[in-house]
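Hi everyone, thanks for coming. I'd like to walk you through one structure today, taking it slowly and one piece at a time. Let's get it up on the screen.

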Amino acid sequence: MCPHQPPCPLPEARDRDAARTVASHPEQGWSLLCNGIVLFEDTGELLPNGGIIAPHRPTDLPAPSAA
């Protein structure tokens, strides 16, 4: 459970990378976020359920659709 207020985003949330860092190992190229995600320096992610997110950049995301 996240002790932060407001709580960190869940691993399933679009903004999951906004969770606070609880352990950082820059010499190894990874950080552990409060929501259980391991974030790698190449922007790849390992999710708590064992899933992976391939390395990505903000420019790789599709543009939001106009409503």
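Here is a question to start us off: what pattern does the chain follow, read along the sequence? The answer is β-β-β-β-β. Counting up the secondary structure, we have five strands and zero helices. Please keep in mind that this is a predicted model.

Now, how are those strands arranged? The five strands form an open sheet, with antiparallel pairing, in the order β1-β2-β3-β4-β5. The edge strands are β1 and β5, the latter at residues 52–53, and each of them pairs on one side only.

Strand β1 covers residues 21–25 and strand β2 covers residues 30–33, and four bridges link the two in the antiparallel sense. You can follow individual partners here: T21 has L33 in β2 as its bridge partner, while A23 sits opposite L32. Between the two strands of this hairpin there are four residues, and G29 takes a positive phi near 85°.

While we are on β1, have a look at S24, which lies in that strand. Setting aside neighbours within four places in sequence, S24 is in contact with W30 and S31. S24 also gives us a distance to think about: V38 is 14 residues away in sequence, and the two C-alpha atoms are 9.7 Å apart in space.

Next, the inside. Which residues make up the largest nonpolar core? There are five: C8, A19, L33, I37 and L47. In general, nonpolar side chains tend to be buried together in soluble globular proteins. Take C8 from that group: beyond the residues up to four places away in sequence, C8 touches C2, A19, R20 and C34.

R16 is found in the segment before β1, and N35 is in the loop between β2 and β3, where β3 is residues 38–40. R16 counts as buried because its relative accessibility is 16%, and N35 is buried too, with a relative accessible area of 12%.

So what do their side chains reach? A polar atom of the R16 side chain lies 3.1 Å from the backbone oxygen of A13. For N35, a polar atom of the side chain lies 3.0 Å from the backbone oxygen of P9, and the backbone oxygen of R16 lies 3.1 Å from a polar side-chain atom of N35.

Finally, let's step back to the whole chain. Of its 67 residues, 24% count as buried. The accessible surface comes to about 5100 Å², and 60% of that belongs to carbon and sulfur atoms. Among contacts between residues at least 6 apart in sequence, 17% join residues at least 24 apart.

Methods:
Residues numbered from 1 in each chain as written. Predicted model: local features only at pLDDT ≥ 70, side-chain atom pairs only at ≥ 80, totals over all residues. Heavy atoms only, no water. Pairing = 2+ DSSP bridges. Core = buried A, V, L, I, M, F, W, Y, C linked by side-chain atoms within 4.5 Å. Buried < 20%, exposed > 50% of the residue type's maximum accessible area, 1.4 Å probe, protein only. Contact = heavy atoms within 4.5 Å. Areas by Shrake-Rupley, 256 points an atom, 1.4 Å probe, with all protein chains shown as cover. Polar contact = N/O pair within 3.5 Å; in protein donor to acceptor, adjacent residues only side chain to side chain.
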